[in-house]
Each structure stands twice: as structure tokens, then as C-alpha cells.
Amino acid sequence: DQTYRSEHNDSGLYINPALLPALSTNLRDRENSQYTEAVKNTVLTDTIQITRLNAFIGKTVTITGTLYDKQTGQPLTINGKTVTASTTLNVTSETGEVKNVFTFDAVGMQGKTVVATESILVDGKEIVSHKDLNDTEQMVFFPKISTILYQDANGDKTANDGEKIIAFDLDKNGKPVQASDDTKPFDTNVTLTDQVIYENLAPSKVYEVTGKLMKVNADGSLTD
């Protein structure tokens, strides 16, 4: 059989290259989106469509997946373990579809991008893989925002202009005062600007940014 046979050579397995299976994949979150929140129980599903399986009809193939950190180009590790998933397919036709589900703790991954790679194994040997870290369909993005709150004295300055980043409290009359040894009250109408810096948001999508001022207590907790 010239299309599939075991062979003890460097590759360990021979398949006519013209008949190798072909993979196409897309990685999405629970909402079928490529943009997801970095939370503890993150679930990403890679849907893998496979064609040209003619040589493997009647066999069972294993499809293994590994998540990569796009920024480093290295496998994604959480608590010292590489994030992987695998499934099997009993081949009954020349095409098939499987899903690899990655479940992991993504807390702290804001601003990162992960990429799924997939391999097909037969009898424990890899016969074909799709490991393109630049394939956008295999990526999921974790958005990140950060903010800088500052007193906008002139109405047209930014934090980069050296405006003072402040904290304030309320005096017994409910007026804002500086939360420091200098308790000189601000004017009744205080203008604060919160500069929002964002990364990894979906292009061409409209976002609404809302903000709320909170009081920082001595123990670090927040109250309205």
C-alpha cells in the first residue's frame, strides 16, 4: 500500500504527501467569540475540520492540541503545566470534524493572545500538523484596560502633561478634600479625567466605557 504504511526510517511513518490529511481550525470561547475575558474557568474550543482522510478509513486517529502564547512563541503553561487537549476520531469517511476543548485558569492574562496548534496522530505517530502561530483563526485575544485618574485643571490637558494624580475624601460637609495632610478643600465642582488605555479589543466593534468613582478606605477596600 503506497498511501499508508509503517516504515522504520527517520520519520517512523510514510504517507504519500499528496494524500496527507488537511486541517482547518478556528478557536473560540463559549460565546463563539475570539475576544474573551481572562477568568479562572476559561474554556476555549478549537473546531477542527479534516479532509483527505481516505487513507485512514476504518482507523482511529488522535487529534492533539496545544495552546501557545503568541507574544513569546512558547507553549502556554499554567501552574507549570502546558495547556493541551486531545480527542479521537473513528474515520468513516474522507472528511471529519472534531472539537478540542481547552479549560484553564486565565486570571492575569489580560493583554495576551493565545494560539491553538493541532496535530493528527496515527498509532502514536504524528502524520500532519497545523502549527501556524500567525493564523488569526486559531487565535483568541484577552482584552486589557488600564486607567489613570487625574485632576484636569484646564480642561484640555492629559496625564502626560504632568497633571497631578490625586486622591480625595469628603469633609463633614460633603465637600471633596485632598486625602493627605493638606486638607485644603477643592472647589465644589471638581473635574477629574480618567484616561483609559486598552489593548486586544476587537476592531470595528463599538464599545461603551463606563466609570464610577469609589472611596478607598484605610484598609484598601472600596465603597461608593
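In this predicted model, strands β3, β4 and β10 form an open sheet of three strands, arranged in the order β3-β4-β10 with antiparallel pairing. The edges of the sheet are β3 (22-28) and β10 (96-104), each of which pairs on one side only. On average, and with direction ignored, neighbouring strands of the sheet are turned by 20 degrees against each other. Between β3 and β4 (residues 42-51), which run antiparallel, there are seven bridges. Among the residues involved is Arg28, whose bridge partner in β4 is Thr45.

The side chain of Arg28 meets that of Glu137 in a salt bridge, with an N to O distance of 2.7 Å. Since Arg28 belongs to strand β3 and Glu137 to the loop between β12 (125-130) and β13 (139-141), the pair ties together parts that are 109 residues apart in sequence. The two partners can also be described by their accessibility. Arg28 has a relative accessible area of 14% and is therefore buried, the cut-off being under 20%. Glu137, at 34%, is partly exposed.

A second salt bridge joins the side chains of Lys40 and Asp105, at 3.6 Å from N to O. This pair, too, links distant parts of the chain: Lys40 sits in the loop between β3 and β4, while Asp105 sits in the loop between β10 and β11 (113-122), 65 residues apart. Lys40 is exposed, with a relative accessible area of 54%, whereas Asp105 is partly exposed, with a value of 24%.

Another salt bridge brings together the side chains of Lys112 and Asp69, with 3.0 Å between N and O. Lys112 lies in the loop between β10 and β11, and Asp69 lies in strand β5 (residues 60-69), so this contact ties together parts that are 43 residues apart in sequence. Here Lys112 counts as partly exposed, at 29% relative accessibility, and Asp69 counts as buried, at 7%.

The loop between β3 and β4 holds Lys40, and the loop between β10 and β11 holds its partner Asp105. Lys112 lies in the loop between β10 and β11 as well, with its partner Asp69 in β5.

Notes. Residues numbered from 1 in each chain as written. Predicted model: local features only at pLDDT ≥ 70, side-chain atom pairs only at ≥ 80, totals over all residues. Heavy atoms only, no water. Pairing = 2+ DSSP bridges. Helix = DSSP H or I, 4+ residues; strand = E, 2+ residues; numbered from the N terminus. Axes fitted to C-alpha atoms, helices over the stretch in contact; angles between N-to-C directions. Salt bridge = Lys/Arg side-chain N within 4 Å of Asp/Glu carboxyl O. Buried < 20%, exposed > 50% of the residue type's maximum accessible area, 1.4 Å probe, protein only.
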